[in-house]
Amino acid sequence: MTHTTSAAPAESETAVSLRDVTKSFGDLTAVDGLNIDIRRGEFFSMLGPSGSGKTTVLRMIAGFEEVTSGSILLHGTDVTRAAPFDREVNTVFQDYALFPHLTIAENVAYGLRVRKVAKETRTRLVGEALEQVQLGHLAERRPSQLSGGQRQRIALARALILRPKVLLLDEPLGALDKQLREQMQIELKQIQREVGITFVFVTHDQEEALTLSDRVAVFNGGKIEQVASPREVYEFPQTEFVARFLGVTNLLSAPVSRDLLGSELAHSVRPERLQLSAPAPSTDPDVVSLRGVVVETVYAGAHTRYLIETESGLRLMAERQNAHAPRVDAGIARNDAVSVEFRRDHATAVPGTEEVRAAAVA
């Protein structure tokens with residue numbers, strides 16, 4: 001079954017539209033004929049490796065980079081040539097960009113002062129914004145007195161206080177350690193739901209994109225490989241790049257798929273879909289069963305991964321949750337003979353890249 005991107009939303013439901021957008025830097029094409037529709041009120045992530053074009057797209061939406069060709073619409077209005085301050089967007093950066101000489105309250109109020117909002121109204125809005133990010137008690141401190149997570153919350157409050165129609169976030173959690181980043185992911189999603197503003201989020205962290213997003217656009221080489229829900233891009237990758245970039249996968253080439261599945265298309269099988277057992281092949285016609293030997297094990301806390309080499313020389317990665325009692329041996333070790341099995345309907349066909357790119361309009 002082929003899973004394609006959903007149809008474009010109606011104009012009234014669209015927050016950001018990119019139409020045939022291209023950005024070139026001399027001979028380098030950073031973004032190549034991009035088409036995206038981002039819906040009002042959704043948390044939309046642009047995911048990809050460094051140099052894939054995602055940050056350049058964010059900067060073009062913000063107005064920090066000029067479009068070489070194509071057009072950008074915000075809520076139906078063409079802003080392709082509009083200055084950044086004439087777009088109803090705001091941006092949160094990875095480095096926070098706070099003013100070190102101002103208090104937290106003054107930092108959050110800065111945009112309101114520029115807009116000449118009355119002092120009484122500023123004070124009220126700043127208080128509400130700081131409470132929203134749970135930092136009202138730190139209003140009189142300076143940025144240097146805060147942790148990285150607290151500074152990121154202040155940057156978020158400063159951006160949201162202006163009530164932009166679209167909030168752009170450029171790897172805002174990238175400077176935080178893993179535990180704090182995971183905590184901030186939850187808080188960021190909660191805040192987005194509360195305010196109802198469209199969030200456009202740039203990240204190279206696959207887990208972060210899957211955790212936060214309503215939809216994910218996977219970038220590669222200035223193009224979009226796939227746009228879909230987190231579950232869909234993970235479970236039903238439409239290209240080899242998406243399959244490999246979104247976590248670990250077993251990519252079965254077309255010849256291997258022909259032998260195992262009777263299909264002429266390459267297939268992806270996630271490690272958690274593989275079952276390991278004593279070497280006794282299954283007789284279930286819906287199950288692919290292969291004999292092999294465990295050549296490596298990787299303990300990762302919540303789960304263990306096993307690299308198995310089958311009798312035909314095919315190498316597969318399997319994953320098992322460590323649900324056993326902590327002091328009990330997991331039961332599978334290097335050099336053990338095993339059967340590795342997966343259901344046929346757990347193997348996802350991976351169509352050709354060009355076919356998917358042609359349909360990669362949200």
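Let me start with the largest pocket: 20 residues line it, and Val-89, Asn-90, Thr-91, Arg-115 and Leu-162 lie nearest its centre. This is a predicted model, where local features need pLDDT of at least 70, side-chain atom pairs count only at pLDDT 80 or more, and totals for chains, interfaces and linings use all residues. Residues are numbered from 1 along each chain as its sequence is written, and side-chain values use heavy atoms, with hydrogens and water left out.

Back to the pocket. Its volume is about 610 Å³. A pocket here is an open set of points on a 1 Å grid over the protein atoms alone, with protein on both sides within 12 Å along at least five of seven lines; lining residues have an atom within 4 Å of a point. Volume is the space filled by probe spheres set on the points, and points are joined across faces, edges and corners.

Which elements each supply at least two residues of this lining? Strand 6 (89-93), helix 2 and helix 4 do. Strand 6 gives the most, with 4 residues. Helices (H or I, at least four residues) and strands (E, at least two) are DSSP runs, numbered from the N terminus. By class, the pocket lining has 12 nonpolar, 3 polar and 5 charged residues. Ala, Val, Leu, Ile, Met, Phe, Trp, Tyr, Cys and Pro count as nonpolar, Asp, Glu, Lys and Arg as charged, and the others, Gly among them, as polar.

Next, helix 2 against helix 4. They pack at an angle of about 30°, axes 7 Å apart. That makes helix 2 roughly parallel to helix 4. Axes are lines fitted to C-alpha atoms over the stretch in contact, and angles run from 0 to 180 degrees between N-to-C directions. Under 35 degrees is roughly parallel, over 145 roughly antiparallel, 65 to 115 roughly perpendicular, and the rest oblique. Helix 2 contributes Ile-104, Asn-107 and Val-108 to the contact; helix 4 contributes Ile-154, Ala-157 and Arg-158. Contact means heavy atoms within 4.5 Å. The classes are 4 nonpolar, 1 polar and 1 charged.

Helix 2 (residues 104-114) also packs on helix 3 (residues 119-132), at about 125°, with axes 9 Å apart. Helix 2 and helix 3 are therefore oblique to each other. On the helix 2 side, the contact residues include Ile-104, Val-108 and Leu-112; on the helix 3 side, they include Arg-122, Leu-125 and Leu-130. This contact divides into 9 nonpolar, no polar and 2 charged residues.

Now helix 4 and helix 5. The angle is about 20°, and the axes are 11 Å apart. These two helices are therefore roughly parallel. The contact has 7 nonpolar, 3 polar and 2 charged residues.

Last stop, the cavity. How many cavities of 30 Å³ or more does the structure hold? There is 1. In a cavity, a 1.4 Å probe fits but cannot get out. The volume of the largest cavity is about 40 Å³. Val-92, Gln-152, Leu-156, Leu-169, Pro-172, Met-184 and Leu-188 line it. Helix 4 (148-160) and helix 5 (178-195) each supply at least two of the lining residues. The lining has 6 nonpolar, 1 polar and no charged residues.
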